[in-house]
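This briefing covers one protein model.

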Amino acid sequence: LPRLDDPPASPRPPLTDGIVPLRPADERDLGAIERGIRDPEVVRWLGQPEGTAADLRADLKRARRDLE
């Protein structure tokens, strides 16, 4: 059984509306993720982020390995 903290498996075929595909986060997204988690409204509702862009990069690599 999968653990609750395991990332969900990516659907096959990938989800799309025919124009925009939904894909797992990757290295190209780190800047946007970093800005998003530090956005004052996000922090207001979810609290201070735990980690840095380097931590996010490591989490993405780990999640990508788990999806393979």
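**Overall make-up**

Of the 68 residues in the protein, 10% count as buried, where buried means under 20% relative accessible area, exposed over 50%, and partly exposed in between (1.4 Å probe, protein chains only). The model is predicted: local features need pLDDT of at least 70, side-chain atom pairs count only at pLDDT 80 or more, and totals for chains, interfaces and linings use all residues. Residues are numbered from 1 along each chain as its sequence is written, and side-chain values use heavy atoms, with hydrogens and water left out.

**Fold and surface**

- The protein has three helices and zero strands; helices (H or I, at least four residues) and strands (E, at least two) are DSSP runs, numbered from the N terminus.
- Read from the N terminus, the order of elements is α-α-α.
- Taking contacts (heavy atoms within 4.5 Å) between residues at least 6 apart in sequence, 46% join residues at least 24 apart.
- The accessible surface is about 6000 Å², and carbon and sulfur atoms account for 60% of that surface; the areas come from the Shrake-Rupley method with a 1.4 Å probe, and for residues only the protein chains shown count as cover.

**The loop at Gly 47**

- Gly 47 lies in the loop between helix H2 (40-46) and helix H3 (53-67).
- Gly 47 counts as partly exposed because its relative accessibility is 31%.
- From Gly 47 to Ile 37 the C-alpha to C-alpha distance is 9.0 Å, with the two residues ten apart in sequence.

**Salt bridges**

- Side chains of opposite charge can pair when their charged atoms come close.
- The structure holds four salt bridges, each defined as a side-chain nitrogen of Lys or Arg within 4 Å of a carboxyl oxygen of Asp or Glu.
- One of them joins Arg 23 and Asp 29 at 2.8 Å, N to O; Arg 23 is partly exposed at 38% relative accessibility, whereas Asp 29 is buried at 18%.
- Another links Glu 34 with Arg 38 at 2.7 Å, N to O. These residues are four apart in helix H1 (residues 30-38), so about one helical turn separates them. Glu 34 is buried, at 18% relative accessibility, and Arg 38 is partly exposed, at 38%.
- Arg 44 and Glu 41 also meet in a salt bridge, at 3.3 Å, N to O. They are three residues apart in helix H2, so the separation is about one helical turn. Arg 44 is exposed at 57% relative accessibility, while Glu 41 is partly exposed at 43%.
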